[in-house]
Amino acid sequence: MFSLNGSTFTNNSLCGVSRCLTQSSRRVSAPMVVAAVNSNSKPGDRNVMANALTENALTESPAPVELETKSTVTGGVGDVYGEDSATEDQSITPWVLSVASGYSLLRNPHYNKGLAFTERERDSHYLRGLLPPGVVNHDIQVKKMMNSIRQYDVPLQRYMAMMDLQEMNERLFYKLLIENVEELLPIVYTPTVGEACQKYGSIFRRPQGLFISLKEKGKIHEVLKNWPEKKIQVIVVTDGERILGLGDLGCQGMGIPVGKLSLYTALGGIRPSACLPVTIDVGTNNENLLNDEFYIGLRRRRATGQEYAELLDEFMYAVKQNYGEKVLIQFEDFANHNAFDLLAKYGTSHLVFNDDIQGTASVVLAGLMAALNLVGGTLAEHTFLFLGAGEAGTGIAELIALEMSKQTGIPLEETRKKIWMVDSKGLIVKSRMEMLQHFKRPWAHDHEPVRELVNAVKSIKPTVLIGSSGAGRTFTKEVVQAMATFNEKPIIFALSNPTSQSECTAEEAYTWSEGRAIFASGSPFAPVEYNGKVYASGQANNAYIFPGFGLGLIISGAIRVHDDMLLAASEALAEQVSQENFEKGLIYPPFSNIRKISAHIAAKVAAKAYELGLATRLPEPKDLVAYAESCMYSPTYRSYR
């Protein structure tokens, strides 16, 4: 059986791998530290000592200090960075070994508060004169930054302003993003991140992640140690070969891991210091980039075969050696010929997740589950037709088939027959079997060959049409009208990103179906007015799933991903769609509630990990939703004294 994670597991297979995390105190790190200064020292000695020690204090993790803190839920994620204390109503004494203060403090994004430093803090940390005299609180800073960002008309300018803020004041960046998620999500993520990747060489300022190229082969373990944070919980890695629907962008694909991990923190509550973006640079076949004087990657053709496999293998085992068994490695935007193989190869030895295959599948399945409230019936009573049979399309199809099998008890091989696929050569049928790639073969059914999508629609008569082709405007007027002729409420998902690659727009779907379509897209579309009624379309955005999914894996201490966890995530998301949302035609909840949604998804995923015997953080908390919320990072300013 084809498995989305390339592996199968037995219940309670890892029951012996557990430990109880019930300490009454936690080891945390203070952000700033001071060396003992002799009372007889000369006035100038303080500057000499501070300057000598400041750089190391800011770039290396300071020595841990025992702080007695109130325990919330036993078995929780240890606060190794001291960041939980940011949400506690207490002052922090940031002195341990050396002074991190003055100009260097203002240039450190982890601890900089800008104009929010109080009068006392400005005196204590030698900030007098380095800041204007006004003291501005966190909320006013957010208001000011949003006003500034809204002055830019070009989305890429807004993206660059957000990235600059992230490099200057990390907590302000995340507070801004959390409180304005619906407005800023399209800026830091799709669709704007696609343009950012295309122009990454021109806009590159500071490294925001690790670049591991063929030049580092044999030294990856040492390269990972160059990253300043040592307690990594989530890695998002790409090789840049298939960035969104834009193709091979090589080293410039770094914008994707950076953007994804920003959402892991903002939407899923994973601490930013526990996140590591990585780009594996094996070259590019993009001629425009190879000839671009501003390109920042290797100027060579993309490595393949053994050379590629050996580099990835070294990376995967270096990660486990550096960060342990429970670090989550998310594969992002790998080409089809590598994505499935990597997931199958490492699914049994690492905690791995492919968002393009598994995350997309989970969010689409959630949308379909919610759509049943509007069209009626069960999944097994519907017929599905996909345009696009790559990693996204086949991943979605497999999860739908798994859910149908789970609900009905019908064998997976039978539920797959409810799902049809069209690729670049037409309808996938059994007569094409010998020429098909392995991941397409389960979807080859008995039928005469059909070349055009519209003819496949008329022949198969699907109730659900899903586009994951990466080819824009392929759901033509004729295709949508054909769907509307035999469906009272045709379900149409145009999932390809960015917006320019979407199979159709929201306006086209509603207009051509005479307002009867249930529509969702990968990138956001504005509400559409048709015949006096306003239609608000849903966005089948992976950001609904992967932040909460990752949080669930972390709080349970899971060591492998199982397909049932993906089904649990889909069910949790579908449950968050309210009757009010349905009345507006929405099949996804608003992003304004995303952190609560992520907590519910995390709880369902963690519960499934415990049920499958894949969790190592024991005992299992009684209230997983409350526990997930308690573990989420909050970008509140610390009080320094």
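**A pocket, a core and a buried threonine**

Let's start with the second largest pocket, which holds about 720 Å³ of space. A pocket here is an open set of points on a 1 Å grid over the protein atoms alone, where a 1.4 Å probe fits, with protein on both sides within 12 Å along at least five of seven lines; lining residues have an atom within 4 Å of a point. Of its 39 lining residues, Arg242, Leu244, Ala392, Ser468 and Gly470 sit closest to the centre. Helix 15 gives the most to this lining, five residues. By class, the lining has 12 nonpolar, 18 polar and nine charged residues.

Keep in mind that this is a predicted model: local features need pLDDT of at least 70, side-chain atom pairs count only at pLDDT 80 or more, and totals for chains, interfaces and linings use all residues. Residues are numbered from 1 along each chain as its sequence is written, and side-chain values use heavy atoms, with hydrogens and water left out.

Beyond its neighbours within four places in sequence, Ile400 is in contact (heavy atoms within 4.5 Å) with residues including Leu368, Phe384 and Ile466.

Finally, look at Thr463, in the loop between helix 18 (453-460) and strand 12 (464-467). Thr463 counts as buried because its relative accessibility is 19%, and buried means under 20% relative accessible area with a 1.4 Å probe, protein chains only.

Conventions:
Helices (H or I, at least four residues) and strands (E, at least two) are DSSP runs, numbered from the N terminus. Buried means under 20% relative accessible area, exposed over 50%, partly exposed in between (1.4 Å probe, protein chains only). Grid points are joined across faces, edges and corners, and a volume is the space filled by probe spheres set on the points. Ala, Val, Leu, Ile, Met, Phe, Trp, Tyr, Cys and Pro count as nonpolar, Asp, Glu, Lys and Arg as charged, and the others, Gly among them, as polar.
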